[in-house]
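Visitor: I'm new to this. Could you walk me through how the labels on a structure get decided?

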Amino acid sequence: MDRIPILKFGDLLLVSIQVDMHDRLAMNLLDDLTHRVVDDRAGGVLIDISSLETVDSFIGRMLGNIASTTRALGAETVVVGMRPAVAITVVELGLTFEGINTALNVDKGVEMLRSFNSGA
Amino acid sequence: MRNGTRVVHSECLKLQESEDITRARQVVRSWAVDLNFSLADQTKIVTAASELARNTIDHGCGGKVRLERVSEGDREGLKLIFEDRGPGIADLDLAQQDGYSSSSGLGLGLGGSKRLVDQFAITSKPGEGTCVTVVKWV
(Lines give C-alpha, C1' and ligand atoms only; values in the text may rest on other atoms or scores of the structure.)
Protein backbone atom coordinates (compact mmCIF):
# COMPACT_ATOMS: atom_id res chain seq x y z
CA MET A 1 0.00 0.00 0.00
CA ASP A 2 1.44 3.35 -1.04
CA ARG A 3 -1.26 5.65 0.27
CA ILE A 4 -2.98 6.19 3.58
CA PRO A 5 -6.75 6.85 3.30
CA ILE A 6 -7.98 10.31 4.24
CA LEU A 7 -11.57 10.51 5.52
CA LYS A 8 -13.74 13.62 5.51
CA PHE A 9 -15.76 14.25 8.68
CA GLY A 10 -17.72 17.49 8.55
CA ASP A 11 -15.10 20.09 7.71
CA LEU A 12 -12.30 17.97 9.18
CA LEU A 13 -9.96 15.51 7.54
CA LEU A 14 -9.19 12.33 9.49
CA VAL A 15 -6.17 10.12 8.97
CA SER A 16 -5.42 6.96 10.91
CA ILE A 17 -1.90 5.68 10.42
CA GLN A 18 -2.16 1.93 10.84
CA VAL A 19 0.92 0.69 9.01
CA ASP A 20 4.61 1.06 9.67
CA MET A 21 5.50 4.27 7.84
CA HIS A 22 8.15 4.00 5.17
CA ASP A 23 9.49 7.08 3.43
CA ARG A 24 7.37 7.04 0.30
CA LEU A 25 4.19 6.55 2.32
CA ALA A 26 5.12 9.56 4.45
CA MET A 27 5.85 11.76 1.44
CA ASN A 28 2.58 10.73 -0.22
CA LEU A 29 0.63 11.53 2.94
CA LEU A 30 2.03 15.06 3.10
CA ASP A 31 1.26 15.56 -0.57
CA ASP A 32 -2.26 14.11 -0.39
CA LEU A 33 -3.21 16.00 2.77
CA THR A 34 -2.00 19.32 1.38
CA HIS A 35 -4.20 18.91 -1.68
CA ARG A 36 -7.19 17.63 0.24
CA VAL A 37 -7.08 20.58 2.67
CA VAL A 38 -7.48 22.91 -0.29
CA ASP A 39 -9.89 20.79 -2.36
CA ASP A 40 -12.19 20.01 0.59
CA ARG A 41 -11.77 23.45 2.21
CA ALA A 42 -10.94 21.61 5.40
CA GLY A 43 -11.03 23.45 8.73
CA GLY A 44 -8.62 21.06 10.41
CA VAL A 45 -6.70 17.79 10.17
CA LEU A 46 -6.66 15.02 12.74
CA ILE A 47 -3.96 12.35 12.60
CA ASP A 48 -4.42 9.26 14.75
CA ILE A 49 -1.14 7.48 15.54
CA SER A 50 -2.51 5.03 18.14
CA SER A 51 -1.46 2.08 15.97
CA LEU A 52 2.12 3.30 15.55
CA GLU A 53 4.57 1.25 17.61
CA THR A 54 7.53 3.43 16.70
CA VAL A 55 7.94 7.16 16.07
CA ASP A 56 11.47 8.04 15.02
CA SER A 57 12.91 11.42 14.04
CA PHE A 58 11.88 10.86 10.43
CA ILE A 59 8.22 10.38 11.34
CA GLY A 60 8.47 13.25 13.84
CA ARG A 61 9.77 15.50 11.08
CA MET A 62 7.03 14.32 8.72
CA LEU A 63 4.32 15.13 11.31
CA GLY A 64 5.93 18.55 11.84
CA ASN A 65 5.95 19.20 8.10
CA ILE A 66 2.29 18.25 7.79
CA ALA A 67 1.39 20.54 10.72
CA SER A 68 3.33 23.50 9.25
CA THR A 69 1.99 22.97 5.74
CA THR A 70 -1.68 22.70 6.71
CA ARG A 71 -1.24 25.67 9.06
CA ALA A 72 0.12 27.71 6.16
CA LEU A 73 -3.13 26.90 4.37
CA GLY A 74 -5.21 27.90 7.39
CA ALA A 75 -6.01 24.46 8.80
CA GLU A 76 -4.53 23.25 12.10
CA THR A 77 -3.35 19.66 12.52
CA VAL A 78 -3.77 17.69 15.75
CA VAL A 79 -1.87 14.45 16.35
CA VAL A 80 -3.76 12.10 18.68
CA GLY A 81 -3.40 8.73 20.39
CA MET A 82 0.33 8.44 20.94
CA ARG A 83 1.13 5.27 22.89
CA PRO A 84 2.76 5.74 26.31
CA ALA A 85 5.88 3.74 25.35
CA VAL A 86 6.23 5.88 22.24
CA ALA A 87 5.86 9.10 24.27
CA ILE A 88 8.62 7.98 26.67
CA THR A 89 10.88 7.09 23.76
CA VAL A 90 10.43 10.23 21.66
CA VAL A 91 11.21 12.46 24.64
CA GLU A 92 14.40 10.53 25.36
CA LEU A 93 15.27 10.65 21.67
CA GLY A 94 14.95 14.43 21.85
CA LEU A 95 11.86 15.08 19.75
CA THR A 96 9.99 18.08 21.13
CA PHE A 97 6.86 18.12 18.95
CA GLU A 98 7.23 21.87 18.90
CA GLY A 99 4.55 23.46 16.75
CA ILE A 100 2.53 20.25 16.66
CA ASN A 101 -0.82 20.14 18.49
CA THR A 102 -1.36 16.88 20.35
CA ALA A 103 -4.36 15.40 22.14
CA LEU A 104 -5.03 12.23 24.09
CA ASN A 105 -7.59 10.71 21.73
CA VAL A 106 -9.83 11.40 18.74
CA ASP A 107 -12.60 13.00 20.84
CA LYS A 108 -10.22 15.45 22.50
CA GLY A 109 -8.56 16.16 19.16
CA VAL A 110 -11.86 17.01 17.49
CA GLU A 111 -12.72 19.21 20.48
CA MET A 112 -9.42 21.03 20.10
CA LEU A 113 -9.91 21.64 16.36
CA ARG A 114 -13.44 22.92 16.95
CA SER A 115 -12.16 25.35 19.59
CA PHE A 116 -9.53 26.70 17.13
CA ASN A 117 -12.19 27.30 14.53
CA SER A 118 -14.65 28.98 16.88
CA GLY A 119 -11.90 31.43 17.80
CA ALA A 120 -11.95 30.35 21.45
CA MET B 1 32.72 -5.17 26.16
CA ARG B 2 33.87 -7.15 29.18
CA ASN B 3 35.18 -10.68 28.94
CA GLY B 4 32.60 -13.40 29.16
CA THR B 5 30.14 -11.93 26.72
CA ARG B 6 28.72 -14.74 24.64
CA VAL B 7 26.87 -14.45 21.35
CA VAL B 8 23.89 -16.77 21.54
CA HIS B 9 22.44 -16.11 18.12
CA SER B 10 22.99 -13.64 15.28
CA GLU B 11 21.51 -12.44 12.02
CA CYS B 12 22.57 -9.96 9.35
CA LEU B 13 20.27 -7.60 7.46
CA LYS B 14 21.15 -5.43 4.49
CA LEU B 15 20.48 -1.70 4.63
CA GLN B 16 20.32 -0.27 1.14
CA GLU B 17 16.95 1.38 0.63
CA SER B 18 14.25 2.98 2.74
CA GLU B 19 12.15 -0.23 2.87
CA ASP B 20 15.07 -1.96 4.62
CA ILE B 21 14.56 0.39 7.60
CA THR B 22 10.99 -0.88 8.02
CA ARG B 23 12.26 -4.45 7.78
CA ALA B 24 15.03 -3.78 10.33
CA ARG B 25 12.47 -2.31 12.75
CA GLN B 26 10.29 -5.43 12.43
CA VAL B 27 13.15 -7.87 12.98
CA VAL B 28 14.61 -5.90 15.93
CA ARG B 29 11.13 -5.73 17.46
CA SER B 30 10.65 -9.49 17.20
CA TRP B 31 14.09 -10.15 18.77
CA ALA B 32 13.28 -7.70 21.58
CA VAL B 33 9.97 -9.47 22.21
CA ASP B 34 11.73 -12.87 22.30
CA LEU B 35 14.18 -11.46 24.86
CA ASN B 36 11.26 -10.31 27.04
CA PHE B 37 12.15 -6.63 26.98
CA SER B 38 9.51 -4.40 28.59
CA LEU B 39 7.27 -2.57 26.12
CA ALA B 40 9.10 0.73 26.76
CA ASP B 41 12.49 -0.91 26.22
CA GLN B 42 11.29 -2.66 23.05
CA THR B 43 10.18 0.71 21.73
CA LYS B 44 13.52 2.31 22.66
CA ILE B 45 15.74 -0.29 20.98
CA VAL B 46 13.51 -0.38 17.88
CA THR B 47 13.58 3.43 17.64
CA ALA B 48 17.36 3.51 18.08
CA ALA B 49 17.66 0.85 15.36
CA SER B 50 15.47 2.93 13.08
CA GLU B 51 17.62 6.05 13.56
CA LEU B 52 20.90 4.19 13.05
CA ALA B 53 19.60 2.25 10.03
CA ARG B 54 18.60 5.54 8.44
CA ASN B 55 22.08 6.97 9.10
CA THR B 56 23.64 3.92 7.46
CA ILE B 57 21.52 4.45 4.35
CA ASP B 58 21.42 8.24 4.13
CA HIS B 59 24.98 9.08 5.21
CA GLY B 60 26.86 5.81 4.82
CA CYS B 61 25.66 5.01 1.28
CA GLY B 62 24.12 1.78 2.61
CA GLY B 63 25.56 -1.12 4.53
CA LYS B 64 24.29 -3.72 6.93
CA VAL B 65 23.21 -4.34 10.49
CA ARG B 66 24.14 -7.41 12.48
CA LEU B 67 21.84 -8.42 15.34
CA GLU B 68 23.31 -10.45 18.17
CA ARG B 69 21.58 -11.97 21.15
CA VAL B 70 24.30 -11.75 23.80
CA SER B 71 24.64 -13.06 27.32
CA GLU B 72 27.03 -11.95 30.02
CA GLY B 73 26.87 -13.71 33.38
CA ASP B 74 23.18 -13.98 34.15
CA ARG B 75 22.01 -11.11 32.00
CA GLU B 76 20.96 -11.12 28.39
CA GLY B 77 20.84 -8.35 25.85
CA LEU B 78 20.47 -7.33 22.26
CA LYS B 79 23.49 -5.99 20.41
CA LEU B 80 23.20 -4.21 17.08
CA ILE B 81 26.19 -3.48 14.87
CA PHE B 82 25.67 -1.03 12.00
CA GLU B 83 28.38 -0.95 9.37
CA ASP B 84 28.79 1.11 6.25
CA ARG B 85 31.54 1.85 3.76
CA GLY B 86 30.51 5.46 3.30
CA PRO B 87 32.52 8.67 3.57
CA GLY B 88 33.01 8.30 7.32
CA ILE B 89 32.66 10.99 9.98
CA ALA B 90 35.52 13.43 10.49
CA ASP B 91 34.42 14.84 13.86
CA LEU B 92 32.76 12.13 15.95
CA ASP B 93 32.12 14.35 18.97
CA LEU B 94 30.35 16.95 16.87
CA ALA B 95 28.28 14.32 15.06
CA GLN B 96 26.91 13.05 18.38
CA GLN B 97 25.62 16.43 19.49
CA ASP B 98 21.91 17.07 19.34
CA GLY B 99 20.98 19.37 16.52
CA TYR B 100 24.07 18.66 14.48
CA SER B 101 23.13 17.44 11.04
CA SER B 102 25.05 17.14 7.81
CA SER B 103 21.78 17.01 5.87
CA SER B 104 18.24 18.24 6.27
CA GLY B 105 17.43 16.02 9.26
CA LEU B 106 16.75 17.01 12.82
CA GLY B 107 20.22 15.90 13.86
CA LEU B 108 18.95 13.60 16.59
CA GLY B 109 20.13 10.33 15.05
CA LEU B 110 23.39 9.61 16.88
CA GLY B 111 22.92 11.54 20.13
CA GLY B 112 19.29 10.45 20.41
CA SER B 113 20.00 6.76 19.82
CA LYS B 114 22.76 6.88 22.39
CA ARG B 115 20.23 7.89 25.07
CA LEU B 116 17.92 5.01 24.13
CA VAL B 117 20.46 2.21 24.70
CA ASP B 118 22.75 1.04 27.53
CA GLN B 119 26.03 0.89 25.61
CA PHE B 120 27.09 2.87 22.57
CA ALA B 121 30.32 2.82 20.60
CA ILE B 122 31.23 4.44 17.32
CA THR B 123 34.31 4.14 15.14
CA SER B 124 34.82 5.90 11.86
CA LYS B 125 37.57 6.66 9.40
CA PRO B 126 37.12 9.31 6.72
CA GLY B 127 36.97 7.53 3.38
CA GLU B 128 36.52 4.08 4.86
CA GLY B 129 33.20 4.01 6.66
CA THR B 130 31.51 4.01 10.04
CA CYS B 131 30.61 1.33 12.55
CA VAL B 132 28.11 1.94 15.36
CA THR B 133 27.59 -0.71 18.04
CA VAL B 134 24.79 -0.50 20.60
CA VAL B 135 23.67 -2.85 23.35
CA LYS B 136 20.50 -2.88 25.39
CA TRP B 137 20.33 -5.23 28.36
CA VAL B 138 17.08 -6.86 29.43
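Guide: Let's go through a few labels and what stands behind them. This is a predicted model, where local features need pLDDT of at least 70, side-chain atom pairs count only at pLDDT 80 or more, and totals for chains, interfaces and linings use all residues. Residues are numbered from 1 along each chain as its sequence is written, while chains are lettered from A and ligands numbered from 1 in the order in which they are written.

Visitor: Why is Glu68(B) called buried?
Guide: A residue is buried if 20 or more other C-beta atoms (placed from the backbone) lie within 10 Å of its own, exposed if 12 or fewer, and partly exposed in between. Glu68(B) has 20 such atoms within 10 Å, so it is buried.

Visitor: Which residues is Glu68(B) in contact with, leaving aside neighbours within four places in sequence?
Guide: They are Val7(B), Ser10(B) and Lys79(B); contact means that the C-beta atoms, placed from the backbone, lie within 7 Å.

Visitor: What makes Arg41(A) count as exposed?
Guide: Arg41(A) has 11 C-beta neighbours inside 10 Å, so it counts as exposed.

Visitor: And what about the phi of Arg41(A)?
Guide: Phi there is positive, about 45°, although Arg41(A) is not a glycine. Most residues other than glycine have a negative phi.

Visitor: Why does Asn36(B) count as exposed?
Guide: Asn36(B) has 10 C-beta neighbours inside 10 Å, so exposed is the label. Its phi is positive too, near 65°.

Notes: Two residues are in contact if their C-beta atoms, placed from the backbone, lie within 7 Å.
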